[in-house]
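This briefing is written for a reader who has the sequence and the coordinates to hand. Please consult the display below before turning to the points that follow.

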Amino acid sequence: MALTVVLVAVMMVAVSIGAVTIPLGDVWGIVLHHLGGGGATADPALDQIVWNFRTPRVVLAALVGAGLAVSGVVLQAVVANPLADPYVLGVSSGASLGAVLVITLTSGALGGLGVSSAAFAGAVVAVVLVFLLGRRGGRLAPTRLVLSGVAVGYLFLAATSYLQLRATPTELRTVMFWMLGSVAGAQWGQLPLVSVVVLTATVALALFGRRLNALLAGDESATALGVDVHRLRALLLVLASLLTGTVIAVAGGIGFVGLMIPHLVRLATGADHRRLLPQAALVGAIYLVVVDLLSRTVNRPNELPLGILTALFGAPFFLWLLRRNKSLDSL
Amino acid sequence: MKLTVEQLHITLDRNPILRDVTLEARPGDIVGLVGPNGSGKSTLLRTVYRSLRPQQGVVRVDGDDVWALSARDAARRTAAVLQDSGGSPTGLCVTEIVALGRTPHHGLLGRDGADDHEAVEEALDQCGARPLADRDFTSLSGGERQRVLLARALAQRPRLLVLDELTNHLDIRARFELLDLIRSTGITTLAVLHDLDLAARLCDHLVALHRGEVVAAGPVLDVLTPDLLRDVFGVTATAGRHPDGVVRITYGAKPLALDLLPEKAVS
């Protein structure tokens with residue numbers, strides 16, 4: 001509950017700050033007005049900035065942060081590996097190849113939607129390939145999956161690197177920016193689809209909280225606890241991959257959030273997934289809203305890609321936390 | 001709760017692991033599964049807790065084929081403490097580990113109720129794990145861990161307990177305490193035990209497995225004959241009941257010379 005309040009507050013502040021700083025009261029009034037809660041219509045220019053430029057961007061940042069954090073929590077449990085993140089099954093390498101193909105072959109003529117679609121398609125191809133390679137006897141085996149993900153990742157990276165070598169400097173810059181992630185292109189039009197995917201997947205995954213906990217006991221013990229481990233693992237991987245693929249398609253390959261936030265929240269609240277999943281979603285959302293705010297303010301008027309900042313601010317904090325915490329030594 | 005295993009055959013990667021295995025545990029019985037490494041003990045347990053589907057034969061718990069039950073229904077009858085039980089439960093405290101035992105009692109939307117709370121509390125008390133309740137599982141000693149995992153199994157409110165090497169790596173006092181604990185539950189139990197002295201101490205009946213076949217079954221002293229100890233375990237030894245009622249096994253000074261090891265056990 002407290003985290004929800006923090007998220008709303010952080011989102012409000014993020015909307016108010018920018019090239020033109022808008023008082024929080026005005027932001028609140030404009031948002032309420034558009035949500036149908038009355039309120040006075042403000043200056044049309046301010047309204048335009050708040051409602052058409054900044055709000056969709058901030059909302060998208062929150063959705064992307066939540067999606068990456070949830071996906072990271074689930075993948076860490078499902079492949080039983082603390083190094084797992086949303087990209088462990090090759091999603092990002094597939095999406096990158098798709099995006100780079102469109103950017104270099106069409107010189108960006110297709111625009112954002114073309115890149116998004118290609119990235120999503122690339123993510124799907126990579127994940128399907130990893131699922132096929134990660135099976136043994138009709139079942140998905142965690143170690144095999146992770147190693148297949150790494151191998152497919154390198155394969156796609158080879159193709160992506162080759163395309164980058166042949167790209168013009170302008171294309172290359174677009175590619176770099178895409179790979180490091182950004183929500184600068186956010187539009188209201190894309191939000192319904194993204195929010196439906198992120199919210200549905202998060203609620204669905206949270207319903208499996210009790211079974212995710214059982215998975216922590218090991219496959220055989222989880223089976224003895226009445227969990228159909230193989231079916232559960234396949235279902236969770238499909239849901240998490242869909243979530244990651246959607247997020248990466250609209251925001252590019254934002255790193256580190258999906259690795260760090262799950263560990264951070266787990267250290268704070270424990271590993272019970274019924275608590276962990278919703279809290280990770282909120283903390284992920286808060287973190288990415290803040291990072292996006294920094295990305296457009298620290299280097300004004302230029303924007304920084306999110307991937308640089310998530311790691312730049314996240315890594316030292318995360319390392320400090322790791323050093324303080326003893327329970328990780330027994331991993 | 002009665003357990004019957006009827007004419008079980010298991011082949012994994014074309015290697016026969018279990019051949020025509022039949023055994024029975026009557027309500028309240030503690031049945032020990034003994035045999036050397038690779039004799040098929042753990043595989044047999046897997047068929048009982050519904051992890052491995054036999055190619056032939058049936059495992060019945062209270063008359064029902066476990067594969068005719070759903071995974072959840074089967075887990076409401078049978079609980080297991082296994083060797084992978086450590087898993088990687090980082091971040092779960094002891095109470096949360098014990099509460100995992102309630103998993104089969106809930107569907108997707110089920111929330112913890114009074115039943116769950118009561119089952120967890122009772123299991124913690126029964127296993128003397130109450131003082132550990134808030135500890136992180138990974139901070140526990142080996143003996144404490146096993147007691148917590150047994151509490152998890154009891155929180156499942158099972159009518160059959162399956163135990164795989166529950167006392168491995170534990171000091172002697174912790175072993176005896178665990179055995180007493182299992183006896184005190186009164187739950188029908190099928191236990192794999194490497195240590196024959198412990199098996200003799202805990203169990204009403206033993207089933208000896210050798211190369212995937214049952215070579216002897218019955219009361220402890222009927223199974224642990226010098227012939228069986230020689231043929232199956234490759235040691236010279238005798239088992240006898242001491243005046244205090246405890247069965248003890250006296251081993252010879254040396255294992256049997258390799259060339260004396262029988263190629264195949266005589267049943």
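Predicted model: local features only at pLDDT ≥ 70, side-chain atom pairs only at ≥ 80, totals over all residues.

At roughly what angle do the axes of helix H2 of chain A and helix H3 of chain A cross? They cross at roughly 75 degrees and come within 10 Å of each other.

**Helix packing in chain A**

- Helix H2 of chain A comprises residues 24-34, and helix H3 of chain A comprises residues 44-78.
- Because angles of 65 to 115 degrees count as roughly perpendicular, H2(A) is roughly perpendicular to H3(A).
- On the side of H2(A), the contact is made by Asp26(A), Val27(A), Ile30(A), Val31(A) and His34(A).
- H3(A) contributes Leu46(A), Asp47(A), Val50(A), Trp51(A) and Thr55(A) to this contact.
- Sorted by class, the contact of H2(A) with H3(A) contains six nonpolar, two polar and two charged residues.

**Contact between chain A and chain B**

- Chain A supplies 24 residues to the contact, and chain B supplies 28 residues.
- On the side of chain A that touches chain B, the elements giving two or more residues are helix H9 (209-215) and helix H10 (219-224) of chain A.
- That side of chain A is made up of 10 nonpolar, eight polar and six charged residues.

**Overall form of chain B**

- Chain B contains nine helices and 12 strands.
- The radius of gyration of chain B is 19 Å, close to the 18 Å that the globule rule gives for 267 residues, so chain B is as compact as a globular protein of that length.
- The C-alpha trace of chain B spans about 60 × 40 × 30 Å along its principal axes.
- Buried residues make up 46% of the 267 residues of chain B.
- Among contacts in chain B with a separation of 6 or more, 65% are accounted for by residues 24 or more positions apart.

**Six-stranded sheet of chain B**

- Six strands of chain B form an open sheet with mixed pairing, in the order S6-S7-S8-S3-S9-S10.
- Strand S6 (78-81) and strand S10 (213-219) of chain B are the edge strands, each pairing on one side only.
- On average, neighbouring strands of this sheet are turned by 15 degrees against each other, direction ignored.
- Helix H1 (residues 41-48) of chain B packs on the sheet and touches strand S3 (30-34), S6, S7, S8 and strand S9 (205-210) of chain B.
- The direction of helix H1 of chain B makes about 150 degrees with that of S8(B).
- Strand S7 (residues 160-164) and strand S8 (residues 188-192) of chain B run parallel and are joined by five bridges.
- Within this sheet, Asp164(B) stands opposite Val192(B) in S8(B).
- S9(B) and S10(B) run antiparallel and are joined by six bridges, with Ala208(B) opposite Ala216(B) in S10(B).
- The hairpin of S9(B) and S10(B) has two residues between the strands, and Arg211(B) takes a positive phi near 45 degrees there.

**Four-stranded sheet of chain B**

- A further open sheet in chain B has four strands in the order S2-S1-S4-S5, with antiparallel pairing.
- Its edge strands, each pairing on one side only, are strand S2 (15-25) and strand S5 (64-65) of chain B.
- Five bridges pair strand S1 (residues 3-12) of chain B with strand S4 (residues 56-61) of chain B in the antiparallel sense.
- Leu3(B) stands opposite Val61(B) in S4(B).

**Backbone features in loops**

- The peptide bond from Arg300(A) to Pro301(A) is cis, with omega near 5 degrees.
- Pro301(A) is located in the loop between helix H13 (273-297) and helix H14 (306-324) of chain A.
- Ala80(A), a residue other than glycine, has a positive phi near 50 degrees.
- The loop between H3 and helix H4 (91-106) of chain A holds Ala80(A).
- With 18 other C-beta atoms within 10 Å, Ala80(A) is partly exposed, because a residue counts as buried at 20 or more and as exposed at 12 or fewer.
- Arg157(B), also a residue other than glycine, has a positive phi near 50 degrees.
- Arg157(B) lies in the loop between helix H5 (142-155) and S7 of chain B.
- Arg157(B) has 19 other C-beta atoms within 10 Å and is therefore partly exposed.

Notes. Residues numbered from 1 in each chain as written. Chains lettered and ligands numbered in written order. Axes fitted to C-alpha atoms, helices over the stretch in contact; angles between N-to-C directions. Parallel < 35°, antiparallel > 145°, perpendicular 65-115°, else oblique. Contact = placed C-beta atoms within 7 Å. Nonpolar A, V, L, I, M, F, W, Y, C, P; charged D, E, K, R; others polar. Pairing = 2+ DSSP bridges. Rg over C-alpha atoms; globule rule 2.2 N^0.38 Å.
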